[in-house]
Amino acid sequence: MRHVTETEVAAGDGTTGAAARPPGTILLIGLLLIAAFVVILNETILSVALPTLMVDLGITAATAQWLTSGFLLTMAIVIPTTGFVLQRFSMRAIYIAAMSLFTLGTLIAALAPGFEVLVVARVVQAVGTALMIPLLMTTILNVVPAESRGRTMGLVSIVISVAPAVGPTVSGLILQSLSWRAMFWIVLPIAVAVLVLGGVFVRNVTEPRKAHLDYVSVPLAALGFGGLVYGLSSIGESASGHAPVPPFVPLSVGAVALVLFVVRQLKLVGRGRALLDLRTFAVGPFRLAVALMGSLMLTLFGALIVLPIYLQNVLGKDVLTTGLVLLPGGLVMGLLAPFVGALFDRWGARPLVLPGTIALSAGVWVLATLDEHSSIGLVITAHVIVSAGISCGLTPLMTSALGALPPELYSHGSATVSTVQQVAGAAGTALFITMMTRGTESALREGSEVVAATADGVHTAFLVAGVLSLVLVVGAAMVRSPRTVAVD
């Protein structure tokens, strides 16, 4: 006798275990995980390199940040269309297209003569990345039995959370002795190898079917999600007086376009022509899990943008030390993820998510105590606690969110989750930078020295994050593990 969720019983899914997996499943998922890790690593690999790029390319900090924000912006625009792409084209074709675009973007970046070409390269990289993440999650939902998805999604959470977390470490190690171009030259052969291996071994496990591309929904999605990410990213610049456009302009355009996008999707869903099927949000567990997952990613990206600034501008550490300080947290996320996935398969979401958010909140409140005299050990300890909390929450939330959906909504659910993650990452960056900038400027006006004022700004950013983390704990308490029924 075994236990399955009521969702499985209702769906009539009686095929489980290894026998249900198509041949070559392990190799297929392994290749997708490696490919996804390589592409997602590039979301944050430039964060520590921004001061170097500012000098080499002759640009300001406000301009340089778009090498990361532009990446997130492109992903937020492309990902909503992936629900259509995953239905219309074969998995192998999407894999080859995604890795080819990412490889081409990496080559352009390595050869870029100036900032403008480098931004173009980052956009091309981001398009490939935007295709790869939903492809990975949709494939897992189709080939991995429900009772073992937690373990597999634990590996996915390594990719989604650890790759951005170790990006600063990787760039710090490279920049210690090589130029910023080396970051792309080192990634290039890895990307080529993954592309070639995928072309040889990746096989289709889903059947493409007719899907309608609504040409009104595409620009609405681009304006809606793109406007929000652009506006959120501009808030940090506006706080320091460098925003080329007032943030309320793109935020207003994005909000209006997003409302129109939602209205149109609800109108088209009855005809089976929705670009992004929003019936996913009618499923309560999916709705709650996505909201909590977005909050976790907001905290992760916010911490990743503020901590390097604190370490370099307040404690006076170099890029290598900064990267190494952030490494233990990334390793903790990676080491915990498979165990968390296995525990989810046994216990469900709530026994993991609630302690995880409590740990996250505790770590953030410790970070809120940092000042110009804090020790490296305190920073590492707090970051590790935050990372452990995120790891305990991310895998169960992602698995329970997507597992709550019927199979016909898998691709749309994957696209929705990925879109929320990118918007949340941009929101975290904007929120933390804005709070830090305003806290710093307030301290400067009161006569503090630059270092002390920056420390004050960091304190303000994490203080706000601490308050938000308490709301996250309350939300986690509402998570329910699926009830089980016994079957023979």
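Q: What makes Y95, M99, M132, L402 and F462 stand out in the largest nonpolar core?
A: This is a predicted model. Its largest nonpolar core has 125 residues. Of these, Y95, M99, M132, L402 and F462 touch the most other members. Helix α13 (residues 284-313) supplies the largest share of this core, 16 residues.

Q: Which residues is L402 in contact with, leaving aside its neighbours within four places in sequence?
A: They are M137, L141, M153, F286, Y410, G413, S414 and V417. Contact means heavy atoms within 4.5 Å, so each of these residues has a heavy atom within 4.5 Å of one in L402.

Q: What residues does the second, separate core include?
A: Among them are I45, L50, F115 and M183. This second core has 23 residues.

Q: Why is D277 called buried?
A: Its relative accessibility is 6%. Buried means under 20%. The value 6% is under that cut-off, so D277 counts as buried.

Q: Why is R279 called partly exposed?
A: R279 has 45% relative accessibility. Buried needs under 20%, and exposed needs over 50%. The value 45% lies in between, so R279 counts as partly exposed.

Q: How do you know that R279 and D277 meet in a salt bridge?
A: Check the distance between their side chains. It is 2.5 Å, N to O. A salt bridge needs a side-chain nitrogen of Lys or Arg within 4 Å of a carboxyl oxygen of Asp or Glu. The 2.5 Å distance is within 4 Å, so the pair qualifies. By this rule the count comes to one salt bridge.

Q: Why does L27 count as partly exposed?
A: L27 has 43% relative accessibility. That value lies between the cut-offs of 20% and 50%, so L27 is partly exposed.

Q: Which helices do the patch residues come from?
A: Helix α10 (residues 181-201) gives the largest share, five residues. L27 lies in helix α2 (residues 25-41).

Q: How many helices and strands does the protein chain have?
A: There are 18 helices and two strands. Of the 488 residues in the chain, 56% count as buried.

Definitions and conventions. Residues numbered from 1 in each chain as written. Predicted model: local features only at pLDDT ≥ 70, side-chain atom pairs only at ≥ 80, totals over all residues. Heavy atoms only, no water. Core = buried A, V, L, I, M, F, W, Y, C linked by side-chain atoms within 4.5 Å. Buried < 20%, exposed > 50% of the residue type's maximum accessible area, 1.4 Å probe, protein only. Helix = DSSP H or I, 4+ residues; strand = E, 2+ residues; numbered from the N terminus.
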